[in-house]
Amino acid sequence: MRELLGECLDALLMEGRRSGITLETIVVDNASSDGSAEVLRAREGVKLIESGRNLGYGRANNLGMVRGDGRYFLILNPDVVLLEGALAALLNFAEACPQAGIVSPRLLNKDGSLQRSAFRFPTLLMSAIDLFPLPMWVPGRLRRALLDSRLNGRYPQEGAAGEPFRVDHPLGACMLIPREAYRECGGFDPHIFMYSEEIDLAMRYAQAGRQAWQVPGARAVHLGGRSTGQVHPRMLLELWRSRLYLYRKHRSRPAYFALAGLLLLVQVGRALGAAAAWAAGRIDRREAWAALHRARALARLAFLR
């Protein structure tokens, strides 16, 4: 991650120089162990905040925003590299749209292909699609059509060249937030450790009349998931913890219990499936216990209030 952070900062500072934009660069080190803090201490023009422990995504970004003095905050993950003109395009749009509360770029994969980064607010149907994947016999074209459809929270215009368009919320890897909107609506909810922070933020901003936009003319490469890929089981737990919290906070009680029930149902099925696979000799005891432990941990979330 240290190398990615260096690329991220180099691209950001280059964008500032090219566009004549004055930058105040603040990096919150969330108790990294790869030497990032040591490198940043020696880097000119960077304000380093060392949290001392892993505070999670939202609380760490809040530390940076409290210290920032600029008219806009650019929330930028260390695995995001801004492409030429991206920063100016985001700022120009925000200046021209006073109601904008969150402005995001179009995100690309490393190979230049589109990375989905504009979404509708979550629904029970979207969670069901996530929890009950289509069987393998469903044709790939139909599978892709469903996953990229409005039913799964996607925007069809995201894949085409065009003008900026309204979204419910962007992916939180790169977001421009006007200071005025931050004053009105606040920063990230500190109760969310990881995942769903940008959804909660966008919901609160929308309730206050602030809009979220994607600007296709601003582009950035997002390597995506590099910082969490090695701890997948824990991240899966945090993902569902944050989703359930989001429903408790913003949705009705029946909607929350419906989501919790879906999660519980799926985990019971996975636990029974792991036990049956062990009994049939398809997996060993260690694999079975690992699967049962994951299912139990996720199922317990459904009972937490």
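These questions and answers walk through a predicted model, in which local features need pLDDT of at least 70, side-chain atom pairs count only at pLDDT 80 or more, and totals for chains, interfaces and linings use all residues. Residues are numbered from 1 along each chain as its sequence is written, and side-chain values use heavy atoms, with hydrogens and water left out.

Me: How many residues of helix H8 are buried?
Reply: Helices (H or I, at least four residues) and strands (E, at least two) are DSSP runs, numbered from the N terminus. Buried means under 20% relative accessible area, exposed means over 50%, and partly exposed lies in between (1.4 Å probe, protein chains only). Helix H8 covers residues 197–207, and among its buried residues are Ile199, Leu201 and Tyr205. Of its eleven residues, the buried ones number nine.

Me: Which glycine just after H8 takes a positive phi?
Reply: H8 ends at residue 207. Just after H8, a phi of about 90° turns up. The residue is glycine 209.

Me: Is alanine 31 buried, partly exposed or exposed?
Reply: Alanine 31 sits in the loop between strand S1 (25–29) and helix H2 (36–41). Its phi is positive, near 60°, though alanine 31 is not a glycine. Its relative accessibility is 37%, so alanine 31 counts as partly exposed.

Me: How many disulfides does a search of the whole structure find?
Reply: A disulfide is a pair of cysteine sulfur atoms within 2.5 Å. The search covers the whole structure. The count is zero.

Me: Which cysteine sulfur is nearest to that of cysteine 174?
Reply: Cysteine 174 is buried, because its relative accessibility is 1%. Cysteine 174 is in no disulfide. The nearest cysteine sulfur is 8.6 Å away, in cysteine 8.

Me: What is the reach of helix H10 from its first C-alpha to its last?
Reply: H10 spans residues 253–279, which is 27 residues. The expected span of a helix is 1.5 Å times one less than its number of residues. That gives 39 Å for H10, and the model comes close to it. The reach is 39 Å.

Me: How do H10 and helix H11 run relative to each other?
Reply: Axes are lines fitted to C-alpha atoms, for helices over the stretch in contact, and angles run from 0 to 180 degrees between N-to-C directions. Under 35 degrees counts as roughly parallel, over 145 as roughly antiparallel, 65 to 115 as roughly perpendicular, and the rest as oblique. The axes of H10 and H11 (residues 285–301) come within 8 Å and cross at roughly 165°. The two helices are therefore roughly antiparallel.

Me: How do helix H5 and H10 run relative to each other?
Reply: H5 covers residues 124–131. The axes of H5 and H10 come within 11 Å and cross at roughly 5°. H5 and H10 are therefore roughly parallel.

Me: How does helix H1 lie relative to helix H4?
Reply: H1 covers residues 2–19 and H4 residues 86–96. Their axes come within 8 Å and cross at roughly 65°. That makes H1 and H4 roughly perpendicular.

Me: Which residues of H4 meet H1?
Reply: Contact means heavy atoms within 4.5 Å. On the H1 side are Leu12, Glu15, Gly16 and Ser19. On the H4 side are Ala86, Leu87 and Ala88.

Me: What is the relative accessible area of glutamate 15?
Reply: Glutamate 15 lies in helix H1. Leaving aside neighbours within four places in sequence, glutamate 15 is in contact with residues including Leu82, Leu83 and Glu84. Glutamate 15 is buried, and its relative accessible area is 0%.
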